[in-house]
Structure formats: structure tokens, C-alpha cells
Amino acid sequence: MTDAEKTLLASVPDGLFIAGQWRAASSNATLTVDDPATGDVVATIADATPEDGMAALDAAVFAAPSWAATPARGRGEILRRAFDLVQERKEDFALLMSIEMGKPLAEARGEVAYGGEFLRWFSEEAPRVQGRYGANPEGTGRTIVSQHPVGPCFLITPWNFPLAMATRKIAPALAAGCTVVIKPATLTPLTTLLLAAVLDEAGLPAGVVNVVTTTATAELSEPIIADPRLRKLSFTGSTPVGQRLMAQAAKNVLRTSMELGGNAPFVVFDDADLNKAVDGAIAAKFRNIGQACTAANRFIVHRSIADEFTRRVTEKVAAFTIGRGAEAGVTIGPLIDDKAVGKARTLVADAVGRGATLVTGGERLDRSGTFFAPTVLSDVAAGSDILREEIFGPVLAIAPFDTEDEAIALANDTEYGLVSYVFTESFTRGQRMIERLETGMMGLNVGVVSNAAAPFGGWKMSGLGREGGAEGIHEYLQTKYTLTPSPFA
């Protein structure tokens, strides 16, 4: 570890952030954070108890009325200051994410730009919340429709995009006038702690954002979700965990936003520009080392170009530089932990056992850390586990098709519907794909779709609600209708 890394890590708070104060866990317990590239412990921080979680909720509830009453412009200005501070410390945030999550530094810088945009976008959306006024159809009264903060929110974020997943939830909640308790992933909590310090520096009032880090996620979350004062739950993670959280939320009829699993198809037609398709494939598959819910999972390629597509992507994969993400020039870092490595290995073995060709990679690398070789599989057979399960690793699996209808059937043959990617030079075919693919998002001749100004979310078992865009703030607002007598009665 370099001196710069040690200095940065020493500057990151190691406590819980509750009611505007940094504090130890009530039990004085701690948890460790590891660098997945080396296995070394890089930080020791507070390990919250359920009692700490309830203290955080108490703080959010206490702060809720005054924050909701804060003018929208004032809320927006705090978010804008936070955006500016994140940009001032962009190298710190990038390096910190690279250390705790393993992603290459260049990609981490990209996440700072993307994650910061949610602070800026929702700083601008805060004063744009609108209602409406008008005569009812009978002319006997006047209808007033107004929007109000939903109330205290519990936000649970994943490990793979430590900054963007936090800002994508915190920013719209604050813009709408809600207070929050956020529980970052145990594997990558440091970025959220640094973000909380930045929000505090930006002038956020005490109790508006509270951060609890813990190894006892279920034990801490259950009483918070069961508390009738909580009015909103937002979760990003696996579908099975999301289903359990929704069941818990049903008791108090909580508003929920769920960004869950994905199984993204990447469809390449015979009329595609192969240069665009190959570049898009590399971006869609290997961004974040394949550890993204938007990562392309199934490459459905027209049989007439499948061999050439395979050859070209394999050339690109062979040019990757593998190593610790914080080191200059690295393009592929480690997977998050041993479990992720084991899953990738198992899925590759199953596909090969069913007749797929292992073109390159397919094994754990013989070095410290949790590295898995970037992998290309061709001729993946129907029924292979890798076509049904979210890979979450650097494995590109290619399955051929012959007709457009077959490609659509293969693409839609999943319970998930987060995002799809289509490469074709035909405008009319592209329009048909928009109509026929069962996903909440689609990249047409592009391999990355995420943008703070666009609604992020899926269909089917990929979740509920939207994050980002004009739609994102409405997840944290509730509608009130008021009828008044006609002024001419």
C-alpha cells in the first residue's frame, strides 16, 4: 500500500454517523474492510447493532419535519455544494473505491463523474416538484393536487458501485424533503462514510442523513423496517433478498423501490456494424469487471457473424491488463470475494460440460487476491446455467441464432428484465426491438446506458420503481388531492 493510500484511509471516518455525530457502535464492536486484490485489511470501522440502527431511525424521524419544511431551493443548494465537494475530492473517492472494491482506477474515476451527477441532477429537480390546480369537470369545485415528502427512508446499497448507488438514492430523497438512514454494503462501506463527511461539510442539518455500517444486516434492518415511523424502503441487490425485504415491508405498507437482478441479453444482428458491436460488448460485459446488474450476460449473435464476433472480442480480451485496480494501466481488477470466483468457475464448467467452447480464460489466476481470468465462451448451448443465472464476473458467453424471432425469444427467456442491448443498422428493426424486448432499459448500438438524467429500473423480477431522471424524485413523494368549493358558487 502506498503512502497516499494510507493517508487517504486515515482520513475516512471509522464510526457510525447518527444525528450529525460520529460515534462508536453501542457494543464497541468493529468490522474490517479488505482489499480484494491482496486480501489485506485496509480499515477497521464500527459494527452497528440493532440498537444503533434504531438510534439512526430516531434521528431521521426527529429531523424529518424541519427538513421537509426547508425550502426546495435550500435543499438543492446543499446538494449542489455536495456535488462540488465530491468533484474537488474526485481522486480521493476514485482511489478509495479502487481500494475497497477492486475496480480499475480509470473506471473508479468514471463512477465519481456518474455518481456525482445524481447530486447535481437532483439539486436541480428539488425546486421543480409541481402540482396542479383546476376546475373539476362539474364546475362545482376546484381540484388542488400537491406533492409531499414520503417521510423517513431506509436505503440499502450494494458493494459494486459504492458511490453511485449511495448518491442515486440519497440525492432524490433529500431533494424531495425526506430524511434517510443508509446501510452500505459490508464489503465496501468506506465510500459511503466519506460521502457522509462531504454531506456534513456541505451543510446538511444533523439527522437528515444517518449512516450505519454492520455485519448483522438482517438483525439491524428488521426492526427499522417494522417501525411504523419508517415510510420508505429502497434496496439494490439480489432478487431473493429483495423479495424478503418486500415481504417485511408489506406489514406497514411501505413504499418500496427495488433494483434487483439482471440477465441482460446482448443481441447482434447480421447487419450490425461489427466494430460498434465489439466495442459495445467489451463495455457492456467487462465494465466493473463484469460485476454490474447492467452487465451483458447472454451474447446472442447471428450465426453468420458469430465466429468473426468471437475472434474480435477475444482479441480485445487478450489485450486486458490484469492487476490491482489502484495501479496505473490496469483494466481488469479482482472479483469482490472468493464466492464470486467460485460462481464464475462453476458457470464456466457447466457451459463447457454442455458443449460450449472455451476460447480463452476460464480459471482463477494463480496470484494473491480474488482474480478470475477474463473469459470468452462460444457455442453456448440452450439450458446452460450461464444463460439463466446472473454471472457477475468477466465471462462473455456467446450463443448463436438464425432468425429475428428466435433472437427475441432467447432474449426474453428469463424472469429478469432490467436492460437489453441490440446492435443493428436497420432503423425499423431497432424500433421493433424497442417494442418487443421485455426490459426496462435498452441500449441500441451502445454498450452503456446509465445516466443520472434517465430513469433506471427494470421489468419483471428485476424490480420496482425508477432511480434517476425526472421519475426518480417521485419515488420519494406522495400525492395529496384537495377539493375546494368553486369560488363562483
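A pocket here is an open set of points on a 1 Å grid over the protein atoms alone, where a 1.4 Å probe fits, with protein on both sides within 12 Å along at least five of seven lines; lining residues have an atom within 4 Å of a point. A volume is the space filled by probe spheres set on the points, which are joined across faces, edges and corners.

This is a predicted model: local features need pLDDT of at least 70, side-chain atom pairs count only at pLDDT 80 or more, and totals for chains, interfaces and linings use all residues. Residues are numbered from 1 along each chain as its sequence is written, and side-chain values use heavy atoms, without hydrogens or water.

**Stop one: the largest pocket.** Its volume is about 1,300 Å³. Select Pro-158, Trp-159, Gly-237, Ser-238 and Val-241, the closest to its centre of 47 lining residues. Now colour helix H9 (239–250). H9 gives six residues, the largest share of the lining. (Helices are DSSP runs of H or I, at least four residues, and strands are runs of E, at least two, numbered from the N terminus.)

**Stop two: the second largest pocket.** About 270 Å³ of space lies here. Select Ala-382, Gly-383, Leu-387, Leu-410 and Asp-413, the closest to its centre of 15 lining residues. Then show strand S13 (296–302), helix H13 (385–388) and strand S16 (395–401), which each give two or more residues to the lining.

**Stop three: Phe-309.** Select Phe-309 and its contacts (heavy atoms within 4.5 Å). Phe-309 touches Val-268, Leu-274, Ala-277, Val-278, Ala-281, Phe-299, Val-301 and Ile-398, not counting residues up to four places away in sequence.
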